[in-house]
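Grab a pencil and work through these exercises with the structure open beside you. Try each task before you read its solution.

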Amino acid sequence: MKKIVILTGAGISAESGLGTFRDEGGLWAQHRIEDVATPEGFARDPQLVHDFYNARRGQAGSARPNAAHAALARLESEHPAEVVIVTQNVDGLHEAAGSKAVIHMHGRLSAALCAACEHRWEAPEAMRPDDSCPACGAADSRPDIVWFGEMPYHMSAIWDHLREADLFAAIGTSGEVYPAAAFVQDTDRHGAHTVELNLAPSSVVSVFSETRFGKATEIVPQWVDNLLRG
Ligand code: OAD
């Protein structure tokens with residue numbers, strides 16, 4: 001085995017105290033996607049959008065990685081194959097657990113992005129609509145988050161990794177958001193073994209060759225132990 005690609009979603013951070021989107025009482029039950037996660041919503045009411053991400057940045061800042069994040073970091077350091085995490089999560093818990101090869105396809109709460117010149121810098125704990133860009137001075141800053149209707153980041157590198165994967169795992173993601181939900185089809189077509197690790201079956205569960213259901217902090221360390229035993 002040469003390459004293991006792991007897609008993670010909100011479910012892996014749930015037991016670190018960060019809410020998921022579509023589970024009962026999740027973020028999308030409390031906030032309208034159109035208001036807080038689209039470019040149009042930001043244009044209409046930037047303060048509301050900043051308030052939403054400022055709150056999430058605060059929560060993520062005090063969250064600690066859990067046993068599932070730690071197990072993936074151990075997999076990367078101990079398995080002879082290259083291990084790449086592609087995460088939809090905007091928290092920094094994979095890095096906090098020690099993972100090095102992490103691709104943030106939906107952006108990061110810890111960064112601010114200038115919509116005028118695309119400069120990125122470390123986001124203050126509370127961003128405000130009149131924050132100005134340290135590079136060009138424009139008062140056009142936004143959270144460095146990919147919103148609905150925008151292209152996820154690093155897609156060309158991600159498709160390359162997926163094509164080369166011998167093993168693909170999706171952890172704690174509902175399979176509702178594309179293109180991430182299509183990764184399993186792509187890797188399956190290229191002959192990879194595919195595994196879903198989730199609390200409940202995702203929308204694309206039928207495509208996976210193997211499934212393991214339970215809490216991420218239980219099933220991910222078990223799965224990693226099995227892989228490391230060979
Ligand atoms: P969802 O909220 O859609 O799905 C969370 C998944 O985690 C579900 O499949 C749950 O069964 C599972 N889950 C919940 N608790 C778990 C636990 N303790 N252990 C294991 N699994 C658990 O979140 P995502 O699939 O990450 O995008 O959502 C994808 C994207 O939709 C997000 O990146 C976000 C959102 O809109 C943007 O904001 C751009």
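A polar contact is a pair of N or O atoms within 3.5 Å. Keep that cut-off handy, and remember that you're looking at a predicted model.

**Exercise 1. Find which side chains have an N or O atom within 3.5 Å of a ligand oxygen, and work out where the ligand lies.**

Step 1. Start with the surroundings: the ligand has 24 residues around it, and the closest are Ala10, Phe21, Arg22, Thr173 and Ser174.

Step 2. Now check distances against the cut-off. For Trp28, a side-chain N or O atom is 2.9 Å from an oxygen of the ligand. For Thr173 that kind of distance is 2.7 Å, and for Ser174 it is 2.6 Å. These values are within the 3.5 Å limit.

Step 3. How much of the ligand is covered? On its own the ligand would expose 800 Å², and the protein buries 94% of that.

Step 4. Sort the shell by residue type: you get 10 nonpolar, 10 polar and 4 charged residues.

Step 5. Domain 1 (1-17 + 65-106 + 152-230) and domain 2 (19-62 + 109-145) both give residues to the shell, so the ligand lies between them.

**Exercise 2. Describe the largest nonpolar core and say which element gives the most to it.**

Step 1. Count the members: this core has 22 residues. Ile6, Leu72, Leu75, Val220 and Trp223 have the most contacts inside it.

Step 2. List the elements that give two or more residues. The strands are strand 1 (3-8), strand 2 (82-87), strand 7 (167-171) and strand 8 (193-198), and the helices are helix 5 (67-78) and helix 9 (216-229).

Step 3. Pick the top contributor: helix 9, with 6 residues.

**Exercise 3. Decide whether Lys3 and Arg44 are buried or exposed.**

Step 1. Find Lys3 in strand 1. Its relative accessibility is 6%, and buried means under 20%, so Lys3 is buried.

Step 2. Look at what the Lys3 side chain touches: a polar contact of 2.7 Å joins it to the side chain of Glu164.

Step 3. Move to Arg44, in helix 3 (residues 39-44). Exposed means over 50%, so Arg44, at 57% relative accessibility, is exposed.

Step 4. Arg44 and Ala170 are 126 residues apart along the chain, and 35 Å separates their C-alpha atoms.

Conventions
Residues numbered from 1 in each chain as written. Predicted model: local features only at pLDDT ≥ 70, side-chain atom pairs only at ≥ 80, totals over all residues. Heavy atoms only, no water. Near = heavy atom within 4 Å. Polar contact = N/O pair within 3.5 Å; in protein donor to acceptor, adjacent residues only side chain to side chain. Areas by Shrake-Rupley, 256 points an atom, 1.4 Å probe, with all protein chains shown as cover. Nonpolar A, V, L, I, M, F, W, Y, C, P; charged D, E, K, R; others polar. Domains from an automatic or database assignment. Core = buried A, V, L, I, M, F, W, Y, C linked by side-chain atoms within 4.5 Å. Buried < 20%, exposed > 50% of the residue type's maximum accessible area, 1.4 Å probe, protein only. Helix = DSSP H or I, 4+ residues; strand = E, 2+ residues; numbered from the N terminus.
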